[in-house]
Amino acid sequence: MPPSSPPTPPPRVLDVHAFGKRLAEARENAQLTQERVAEELGLPRSAIAQMEAGNRSVSSDELFRLAQLYGRPLMYFFEESPSKKDEDPLVVLGRMAPELEKDPETNRAIRRVVEICEKGMELERRLGKKPRTGPPAYTVAAPRNVGQAIEQGTRAADQERQRLGLGDAPIADIHELIATQGVWAASDHLPDDAISGLFINHPSTAMVTLVNHKHHRCRQRFSYAHEYAHALFDRDLTVALTSQGNAKDLSEYRANAFAAAFLMPKRGVESALDSRDKGKPSKQLFETYDVAGDRGAETAEIRALPGSQRLTVKDVAQIAILFDVSYPAACYRLRNLGFVKAPELKELLERDSSGTLFIRLATGHRDQAHEEKNSAQHIVSQVLPLVVEAHQRGEITRGRLLELSSLLSVSGPDVLEVAQAQ
């Protein structure tokens, strides 16, 4: 629950201008105008402008209300690089989403994932593994509008695909890919519609992406890519929460754009449409040069059959199947790439149920949720090998192995049998 009175912030700010800049960045990321913030705080707009310029002090009460309004922890506004060492990620999350305090199932799920990642870090240190550094950081200026946020996310997706050598092909296993980049990839039960996922970066856990296991598999894939974007752009935060409450934050638009372009690369989509003889203009002009006669170009016009290039529900569903995304995600990506117009997008989305049904029929219901009995199976597959190796090398006892097996919700005797099979 939120405190009844605002806590006292740290005694001093290292740089008042850096402090003001952080206030401005947080406001812009939340897509709030100075006028709107001033109205919320009962202040003139000039007071907000002076705060952001570093020319006006900010009271404890004002800062507390700004932090709530912007969805940021208080420590975000202090120092050039806010320290994560003293901020428990669960405490930070509790401040960002106090309603979770009333949801014991979600609390248990998040705490379990955090504990598993902490134990995984401990085992890696015992085994002398290389420290986790994660993927490269994409350092860019905070986006000032939706267009800039989308541009940053899309460009980073192209660069990251090139860095990882993915080409234009679909990504077969998104959580395995994230894990290879030094980021824990986990899924567990979160509130049905309120939270899609979250990103954690803390010394005790390193980087963690956690997505909602209650969502169907295709939506989980998109959430994994979304949270991975936070690992690239927003690692200065202890927690980045993806929820309905902050869906209009510019950082969320950027992460959504990254996920769409990362899972459905432009050239890959173009190639898929071309192989189906779809997505071309209804009329194409071709010019040829007569090398034998050394004459000028001849122009020819080729027209497609009426309606043959229009993308149908079936076409969109097939693209969704190829790139393993949901039907709506495929619709929006095709719109962003210019293959469907706004009215066509509206019609396609209105047939969401038909498109989703086609996907289920064509894939044998592979997009349904709860494929794994253990909701945290993704993170288990990353930590379990460490448990086995640690026991084989004498770093943990039999009792510790059984204890960790219980945390991972796997059979302790079975894990012990594997560990003893040298």
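In this predicted model, Cys 331 counts as buried, since its relative accessibility is 1%.

| Residue | Relative accessible area | Class |
|---|---|---|
| Cys 331 | 1% | buried |

A disulfide is a covalent bond between the sulfur atoms of two cysteines. How many disulfides does a search of the whole structure find? The search finds zero.

Turning to the chain as a whole, 46% of its 422 residues count as buried, and the protein chain has 18 helices and six strands. Among the contacts that join residues at least 6 apart in sequence, 70% link residues at least 24 apart.

One pair of helices can be followed in detail. Two packed helices are described by the angle between their axes and the distance between the axes. For helix H7, residues 146-164, and helix H10, residues 250-263, the axes come within 7 Å and cross at roughly 40°. H7 and H10 are therefore oblique to each other, and H7 passes H10 in a right-handed crossing. The residues of this contact comprise 13 nonpolar, three polar and three charged ones. On the H7 side they include Val 146, Ile 150, Glu 160, Arg 161 and Leu 164, while Tyr 253, Arg 254, Phe 258 and Phe 262 are among those on the H10 side.

Terms used:
Residues are numbered from 1 along each chain as its sequence is written. This is a predicted model: local features need pLDDT of at least 70, side-chain atom pairs count only at pLDDT 80 or more; totals for chains, interfaces and linings use all residues. Side-chain values use heavy atoms; hydrogens and water are left out. Axes are lines fitted to C-alpha atoms, for helices over the stretch in contact, and angles run from 0 to 180 degrees between N-to-C directions. Helices (H or I, at least four residues) and strands (E, at least two) are DSSP runs, numbered from the N terminus. Angles under 35 degrees count as roughly parallel, over 145 as roughly antiparallel, 65 to 115 as roughly perpendicular and the rest as oblique. A crossing is left-handed if the near helix is turned anticlockwise from the far one by less than a right angle, and right-handed if clockwise. Contact means heavy atoms within 4.5 Å. Ala, Val, Leu, Ile, Met, Phe, Trp, Tyr, Cys and Pro count as nonpolar, Asp, Glu, Lys and Arg as charged, and the others, Gly among them, as polar. A disulfide is a pair of cysteine sulfur atoms within 2.5 Å. Buried means under 20% relative accessible area, exposed over 50%, partly exposed in between (1.4 Å probe, protein chains only).
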